[in-house]
Structures are given as structure tokens and as C-alpha cells.
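Student: I have a new structure open and I'd like to learn how to read it. Can we go through it feature by feature?

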Amino acid sequence: MTHMRSFSKLEERNIAYLVNHNISFTLVQVTGTGLKKSILDATAPMRSYFFEQGIHNYSEQLQGPNHKQILPTRIFDERNEYQTKTSLYRPITKKGDPRLWIYQLGEHTHADDIHAICAYKMEFRVINITRVNIEKSYTASEPSPLKEFIAELYHTSSTTSEELLTFFKCHKGEWFEAEITADTGIGRTIETMLGIAQNSNKTPDYKGIELKSYREKRSSTKNVLFTQTPDWSLSTLKSGREIVAKYGYLDKVKGKKTYQNTVQCNLPNSQGLGLTLDQVKELLELQHFGTPIEDVAVWTLRKLHQRLSEKHRETFWIAVDNKYQDGKEYFRYRSIEHTRNPILPQFDLLLEAAIITIDLLLCRPSGHGDTYSFKIKKNGMPLLFPESLTYDLLS
């Protein structure tokens, strides 16, 4: 994995500004060698971003100049826009390592500058976040192409979030009866109130915005990001049942084998299972740390990035107060944390740091289906979502 240098204060502000204005992007650092040779490495996060945006799939691209793809590109500075193009290719040499080059980039960069690349309408928009002050351009009185670009994307997303926030504010302080007395009861009730039909669709809940509710009184230190089954075609074991058969334990009440435990990088759990991140193969590996180490199952980082990007492009994390009366549960809205655009490279780093973990809930006696739940420690939220807005619904 190519590690990017530390961000400057301006770069941090620019990244936060793009995130807060719901602009999805990937980052590239232009090295001196790359600038001299007109070559940029398409890193794993970049490749995932291009694939997730439906703009390019390097894994299906053949090697050689005849298979190069050219995309229209616009480079922004604070006042102007420069029309150019970007080539995406895999050379015949060096195992076809994915590459790209933004034509005329040398006129707008210095060695080690970092650029944000935004995929938009099958084109690229490129901003030198080392040199360009995005907030200054956006808040300037005079128009600019960069200002128009951000405003166009932000207006579309902000209209929906304002509509949703207005709904919650209109019900400040009200108590509601949950449809069912279960862990999912409050979430289901909120969806019903918003006219969202019950289904198993993994896309965001409300017009592109994901809704995550949780009971404030509970002492959980983690938030659920998403669930994702391993890629069984690449895995040594081929199902949750096989994992339980080999590594599970007996549930003494039901008399059946089950497996319900957390796995993380760096530290095996009580059954010896843990995670390893392989950046070369772009895999997250579930392994048994015995002698020898045994491969169990894998997830592709591309798929995990895709799930995170799709699920949490924009999210309302809804904290509620709850109480029980006559066997029924009631709740009211306490606060909402509004997050946008997770930084995908941070996902890998947070996995390695065991800030993101996976709960394996397999062959449960309750009969619920197998679940592989990716969770993030609440104190790690600002690392994945650099900026967020919090709304108090009780004051």
C-alpha cells in the first residue's frame, strides 16, 4: 500500500469542506518521479472509488495501449477551469499495474501536491487541495467554475437532508410506540413513519440517506456500519455453518453449536479467530491463529469499500430515549448526528487499528440468519467521518 504523506492544515480544511458538502472523491499524491514520467499509480482506494462510481473497472481492463480508456477531465483552481483528459491504463510491463495520467497536470501541480479527483457524469473533476483554498472559492462573491460545481452537488443532497431533519424536528419531545418489542422495533417504526416499506434492500433508507437508530441508555460503545457476508468463492470454508462446525461451541440451553463473538486485527479472540489485512491482495482475511495459522474466510476490500460508500454516503445516526409500559416500548428522539462521505482509505487503517471490528453471529439458537456485522467504536467515528453535524432534539 502506498502511504500518503501527512496532510497540511489547508489540505485538512479542504477535505473537510468537500465531505461536508457531500462531494465524493479519491485522493492522489503526485510524486516527483510520477510528475517527471507522467505516471500516477492507481492505488487500491482509487480503483475502488472508480469502480464504485461506475466510471472504470481496472480488474476487467486488458494490458497495453490498445485498451487504454480516456475520460474528459476538468482541472479547477480558485477562479478557472481547464479542459483536459485522463488516461486510465494497464501497461504491458510490470504485471500491468494500474496507472493513470491527467494530461496537462504538470501545469497545475508541484511534486508531492495532493489532488482530489471527483467522478461526475462520466468525467473527472480535479482539485489541487495543496494549493487551492476551496472554501475561499466557494464563499467568494464572484462566480467560478469550482463554486458552481460544488453548489450543484451540494444543493441536491442538502434539499433531502433538510426535508428529513424538518420531519424529526416536527416531532420533538413526542413519545411513540414501537411497532414491535425487539432490537429492530424502533428502526422499523421510524421507517414506517417515513413511508419506507420493509425490505431486505441494502441501499440507503430514505432518498439516499441511511437511517441508524440506537437507544441512548444502552452502554454499547460501537455503531453498526453495515453487514457483509464473506466472499465464499475465495474462502477456504464455504459457509457460516462450516465455520461453526470447525470453530463453534455448544449452546448449553439449546444443545446446538453456534458461534457468536467479535473478531479484530492484532488480537485473536477466545476461539483463536482474528483478522489480517492483506493490502497486496486487497483482502481482509479471517484466520485461526493456531499452529499453523489456518485460513477461514475472506472479504475483498473493494466490496467492503463499496458497501461503506453506498451505505453511508449520507447518514442520520438517531439517538433515542426509550421506556417500557404495560409490556410495550415507547421512544422519543434525543439527537441526530449527520455524517457524509466516509474516507475510504481510513476504513483500512481503522480495521488494522481494531477500531473497526466484525461481530460473527452464526447459527444462532434464535434462528436468525447468519450475520457478519462490521462495527466501529464510537470514538473512531470522527476518523472515518472527519466532520459531522449534531442536532439536539430535546432542547
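Student: Which residues touch the most other members of the largest nonpolar core?

Tutor: First the idea: a nonpolar core is a set of buried Ala, Val, Leu, Ile, Met, Phe, Trp, Tyr and Cys residues joined through side-chain atoms within 4.5 Å. Buried means under 20% relative accessible area, exposed means over 50%, and partly exposed is in between (1.4 Å probe, protein chains only). Here the largest core has 42 residues, and F25, F50, L100, I117, F124, I134 and F149 touch the most other members. Strand β6 (residues 114-120) gives the most to this core, with 6 residues. There is also a second, separate core of 37 residues, which includes A297, L350, L351 and I376.

Student: Before we go on, what sort of model is this?

Tutor: It is a predicted model: local features need pLDDT of at least 70, side-chain atom pairs count only at pLDDT 80 or more, and totals for chains, interfaces and linings use all residues. Residues are numbered from 1 along each chain as its sequence is written, and side-chain values use heavy atoms, with hydrogens and water left out.

Student: Fine. What does F50 touch?

Tutor: Contact means heavy atoms within 4.5 Å. Not counting residues up to four places away in sequence, F50 touches T26, I55, H56, Y58, L88, L100, I117 and F124.

Student: L100 turns up again there. Where are the buried residues of its strand, β5?

Tutor: Strands (E, at least two residues) and helices (H or I, at least four) are DSSP runs, numbered from the N terminus. In β5 (residues 99-102), both faces are covered: R99 and W101 are buried on one side, L100 and I102 on the other.

Student: How many bridges join β5 to β2, and how many to β4?

Tutor: Two strands pair if DSSP finds at least two bridges between them. Strand β2 (residues 40-41) runs antiparallel to β5 and is joined to it by 2 bridges, with L40 and L100 as bridge partners. Strand β4 (residues 81-89) is also antiparallel to β5, with 4 bridges, and S87 is partnered with W101.

Student: Now a whole sheet. In what order do the strands of the 5-stranded one come?

Tutor: Read across it and you get β10-β19-β18-β12-β11, an open sheet with antiparallel pairing. Its edge strands, each pairing on one side only, are β10 (222-227) and β11 (249-251). For angles, axes are lines fitted to C-alpha atoms, for helices over the stretch in contact, and angles run from 0 to 180 degrees between N-to-C directions. Neighbouring strands here are turned by 35° against each other on average, direction ignored.

Student: Which helices pack on that sheet?

Tutor: Helix α7 (residues 240-247) touches β11, β12, β18 and β19, and its direction makes about 95° with that of β12. Helix α8 (residues 301-311) touches β10 and β19, at about 110° to the direction of β10.

Student: And which strands of the 3-stranded sheet does α7 lie across?

Tutor: That open, antiparallel sheet has the order β13-β14-β15, and α7 lies across β13, β14 and β15, running at about 150° to β15. In the loop between β14 and β15 you'll find P292; the peptide bond from T291 to P292 is cis, with omega near 5°.

Student: Back to α8: at what angle does it cross α9?

Tutor: The axes of α8 and helix α9 (residues 344-352) come within 10 Å and cross at roughly 115°. The contact is made by L301, L304, H305, L308 and S309 of α8 and L344, F347 and D348 of α9.
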